[in-house]
Amino acid sequence: MNFLTRREFLKAALLIAGGNFLSGCGNPKIEDEKINDIEINYLRQMITNDPSTSRTIIFQSDDILRKPAVEIDDKIFYAEEKFFTDDDHINNQYSVKIENLEAGKNYRYRIVDENHCGDWHELKTSDGKNFKAIIFPDSQCADYNVWKKVAETAFEKNPDVAFFINMGDLVDNGEDWTQWRSWFDGAKNFLDKIICVPILGNHECYNRQWKVREPFAYLNYFQLPRYYSFDFGDIHFAILDSQWSELEDVGGDGKNFILEQKNWLRKDISSTQKKRKIILIHKDVLQYRINGRPNRLEGFSDVGEEFMPLFDELNIDIVFTGHLHTYRDRGHIFDFKHDSRGPLYILTGIAGDVRYPNLWIDHALDVVTAPQPEVDNYLTLEFSNEKIIVKCFLSDGTEIDKAEI
């Protein structure tokens, strides 16, 4: 005798009743009996320009889903197929833009399709008040268990964060799909409920042969422009793209790309009503001397020379950078000198295992340097009562720096 499984019995009962799983999953009478076998990978909440009222949900599946959607607050938002192939690997990816949410509200959402329901996940919209975020420096690794440990420790110690930032070079090789899988695996315990704010780094622009290419995987996985902005609470965040030399390597116009971003940033900052303004950009603004290379002088990088005067002009409050895999607090800089009128500059450090021991010689503008030799770290950014507090922690939770605005 052949017996029906519990899932098969419920499915048959719903079909006999003339229902379908999309409506059946949401029926409170059978909530405890819902069909809960949908296979979803790398479910993530992505930043939008206004996370108080909207969210982008992206997810993948090994199977081709029929009528995939996000169910939230008894409403259904159907997903678009965003399939792509890179590194000979097919990604069955789906994307949903959810709008008209209520600010400051706690929601539950889940992935559904024509025949299945997934687990419930948290979604919290910004209330425009106080908040905390985590900032992860470059997370590229040889062994992504290091990234996983740093990320999980940061979230265990800061369970109340609203979003996290990754400062570029998320992976070591932008074409290698196994590295992207490892990055997502390291973050999977919080990607479904904490907003992800990625920044494009130069390593996202490499192919398997370590030649420069367009950041194809990065742009597809996150569905964001190369540079963009968003508001959270009373802070306006602007994300810039420092990869103009990589753009030139694939035939682009680096000088025009810089000008394009400058014009965009002026317009973007002038249009915001937020009291505080923060810049996030991968490559650093300073140039360091390097041990064993006496011809390399201390000074400013092309990023610094191009953008620091503009940051002064626009009254930016904080500039966060990455790329050099070392933590440095430079204090406030204006007109290329220490001056309280300028932004606070923070070089964020490293959240992976690619380290440069004894490489950099301290810069005259460095105020705080992480203990040497460098180890993994992460930062928190808190906004409360119109004050911004930035703290830097080693991967074991030891606080090594604190700055306030």
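By a polar contact I shall mean a pair of N or O atoms within 3.5 Å; within protein, one must be able to donate a hydrogen and the other to accept it, and residues adjacent in sequence count only if both atoms are side-chain atoms. This is a predicted model, in which local features need pLDDT of at least 70 and side-chain atom pairs count only at pLDDT 80 or more, while totals for chains, interfaces and linings use all residues. Residues are numbered from 1 along each chain as its sequence is written, and side-chain values use heavy atoms, with hydrogens and water left out.

Let me begin with two serines. Helices (H or I, at least four residues) and strands (E, at least two) are DSSP runs, numbered from the N terminus. Ser270 lies in helix α7, residues 254-271. The side chain of Ser270 reaches two backbone oxygens: that of Arg266 at 3.0 Å and that of Lys267 at 2.9 Å. Is Ser270 buried or exposed? Buried means under 20% relative accessible area, exposed over 50%, and partly exposed in between, with a 1.4 Å probe and protein chains only. With a relative accessible area of 57%, Ser270 is exposed. Ser270 and Leu314 are 44 residues apart in sequence, and their C-alpha atoms are 8.1 Å apart in space.

Ser229, in strand β14 (residues 228-232), has a relative accessible area of 18% and is therefore buried. The side chains of Ser229 and Asp268 are joined by a polar contact of 2.7 Å. Contact in general means heavy atoms within 4.5 Å. Leaving aside neighbours within four places in sequence, the residues in contact with Ser229 include Asn49, His236, Phe237 and Trp264. The C-alpha atoms of Ser229 and Asp50 are separated by 9.3 Å, although the two residues lie 179 residues apart along the chain.

I turn now to the interior. A nonpolar core is a set of buried Ala, Val, Leu, Ile, Met, Phe, Trp, Tyr and Cys residues joined through side-chain atoms within 4.5 Å. Which residues touch the most other members of the largest core, which has 66 residues? They are Phe136, Phe163, Phe164, Trp183, Phe222, Phe237 and Phe320. Helix α4, residues 177-191, gives the most to this core, with six residues. A second, separate core of 29 residues includes Phe257, Leu286, Phe307 and Leu310. Trp183, leaving aside its neighbours within four places in sequence, is in contact with residues including Tyr144, Trp147, Leu191, Cys196 and Phe222.

On the cysteines, a disulfide is a pair of cysteine sulfur atoms within 2.5 Å. The structure holds zero disulfides. Cys141 is in no disulfide, the nearest cysteine sulfur being that of Cys196, 16 Å away. That distance is too far for a bond. Cys141 counts as buried at 3% relative accessibility, and Cys196 is buried at 0%.

Next, helix α8. The expected span of a helix is 1.5 Å times one less than its number of residues. The twelve residues of α8, residues 302-313, should therefore span 16 Å, and the end C-alpha atoms are 18 Å apart, which agrees. At the start of α8, a side-chain oxygen of Ser301 reaches to within 3.3 Å of the backbone nitrogen of Val303. Buried residues of α8 include Val303, Phe307, Leu310 and Phe311. Just after α8, Asn315 takes a positive phi of about 55 degrees.

Finally, strand β20, residues 318-321, is covered on both faces: Ile318 and Phe320 on one side, and Val319 and Thr321 on the other, are all buried. Two strands pair if DSSP finds at least two bridges between them. Strand β16, residues 276-280, pairs with β20 in the parallel sense over three bridges, and Val319 in β20 is the bridge partner of Ile279. β20 also pairs with strand β23, residues 344-348, in the parallel sense over four bridges. There, the bridge partner of Val319 is Tyr345 in β23.
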